[in-house]
Amino acid sequence: MRILIADDHDLVRDTLCEYLMKEGASEVKSASSLDEALNLCEEDEGFDLLVLDYNMPGMEGLSGLSKAIENNQGTPVAILSGNAPHSIAQEAIDRGAIGFLPKTMTAQSLVHAVRFMMAGETFFPVSHIVAQKKDNPVSKQLSKREVEVLNGLCKGQSNKEIASELGLQEVTIKLHVRTLCRKLDAKNRTHAAMIAKEAGLY
């Protein structure tokens with residue numbers, strides 16, 4: 001796999017390049033700005049993945065992402081960031097990015113994410129998914145445990161399966177389901193799952 005990493009922080013860029021090479025990338029090139037990255041892409045059309053730092057020169061927010069996607073038809077583009085909120089991560093995906101990579105990821109997790117994207121799959125970090133759920137109006141009225149139980153209901157799991165997955169007693173899950181139904185004004189567990197899905201929580 002041939003990858004282009006664009007980041008204006010030398011340490012971040014060099015560390016990522018070195019680790020990706022060590023983990024099997026056939027070639028990793030780097031750039032310190034969007035313009036430099038686009039020039040490299042124009043000179044060499046053989047990159048399999050382009051990773052852009054959200055805050056580097058030339059990006060101007062996500063307009064740089066749109067420009068990169070437009071100028072590199074067919075080449076997957078991912079966003080790398082150390083502090084962008086989950087709303088930006090979601091917008092990046094909505095604009096066509098194949099992934100959003102927080103700089104807080106471990107090097108090994110980054111490699112897994114890169115391989116995932118190279119297989120054509122969209123990568124979105126679990127931490128940002130959790131943040132989105134916390135901001136959802138439905139989940140705001142629920143405890144963390146209730147959200148976990150509701151997740152099980154949405155997956156069609158039985159109380160026993162949810163209890164096993166969360167390491168709780170089945171009777172505890174029954175109590176949580178009863179509370180969920182009351183809080184969501186749901187007639188039963190199936191209705192509660194439907195309300196959660198319609199609200200975009202799952």
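These legends accompany several close-up views of a predicted model.

**View 1. Strand β1 and its buried residues.** Welcome to strand β1, which covers residues 2-6. Of its 5 residues, 5 are buried, so the strand is largely enclosed by the rest of the structure. In a regular strand, side chains alternate between the two faces of the sheet. Here R2, L4 and A6 point one way, while I3 and I5 point the other way. Both sets are buried.

**View 2. The strands that pair with β1.** Look for strand β2, residues 27-31, which pairs with β1 in the parallel sense over 5 bridges. In this pairing, I5 stands opposite S30 of β2. Strand β3, residues 49-53, also runs parallel to β1, and 4 bridges join the two. Here you can find I3 opposite L49 of β3.

**View 3. A right-handed β-α-β unit.** Follow the chain through β1, helix α1 (residues 10-22) and β2: together they make a right-handed β-α-β unit.

**View 4. The salt bridge between K103 and D53.** Side chains of opposite charge can pair when their charged atoms come close. The side chains of K103 and D53 meet in this way, with 3.4 Å from N to O. K103 lies in the loop between β5 (99-102) and α5 (107-118) and D53 in strand β3, so the pair ties together parts that are 50 residues apart in sequence. D53 is buried at 1% relative accessible area, whereas K103 is partly exposed at 29%.

**View 5. The salt bridge between K183 and E146.** The closest N and O atoms of K183 and E146 are 2.9 Å apart. This pair links distant parts of the chain, with K183 in helix α9 and E146 in helix α7 (residues 144-154), 37 residues apart. E146 counts as buried, with 6% relative accessibility, while K183 is partly exposed at 29%.

**View 6. Other salt bridges to find.** R95 and E91 form a salt bridge, their closest N and O atoms lying 3.1 Å apart. Both partners are partly exposed: R95 has a relative accessibility of 37% and E91 has 31%. Elsewhere, salt bridges link R2, E27, K29 and D44 in a network. The count for the model comes to 11 salt bridges.

**View 7. G167 in its loop.** G167 sits in the loop between α8 (159-166) and α9 (170-184). Its relative accessible area is 63%, so G167 is exposed. For a sense of scale, the C-alpha atoms of G167 and F116 are separated by 30 Å, and these residues are 51 apart along the chain.

Note on methods. Residues are numbered from 1 along each chain as its sequence is written. This is a predicted model: local features need pLDDT of at least 70, side-chain atom pairs count only at pLDDT 80 or more; totals for chains, interfaces and linings use all residues. Side-chain values use heavy atoms; hydrogens and water are left out. Buried means under 20% relative accessible area, exposed over 50%, partly exposed in between (1.4 Å probe, protein chains only). Two strands pair if DSSP finds at least two bridges between them. A crossover is right-handed if, with the strands pointing away from the viewer, the path from the first strand over the helix to the second runs clockwise. A salt bridge is a side-chain nitrogen of Lys or Arg within 4 Å of a carboxyl oxygen of Asp or Glu.
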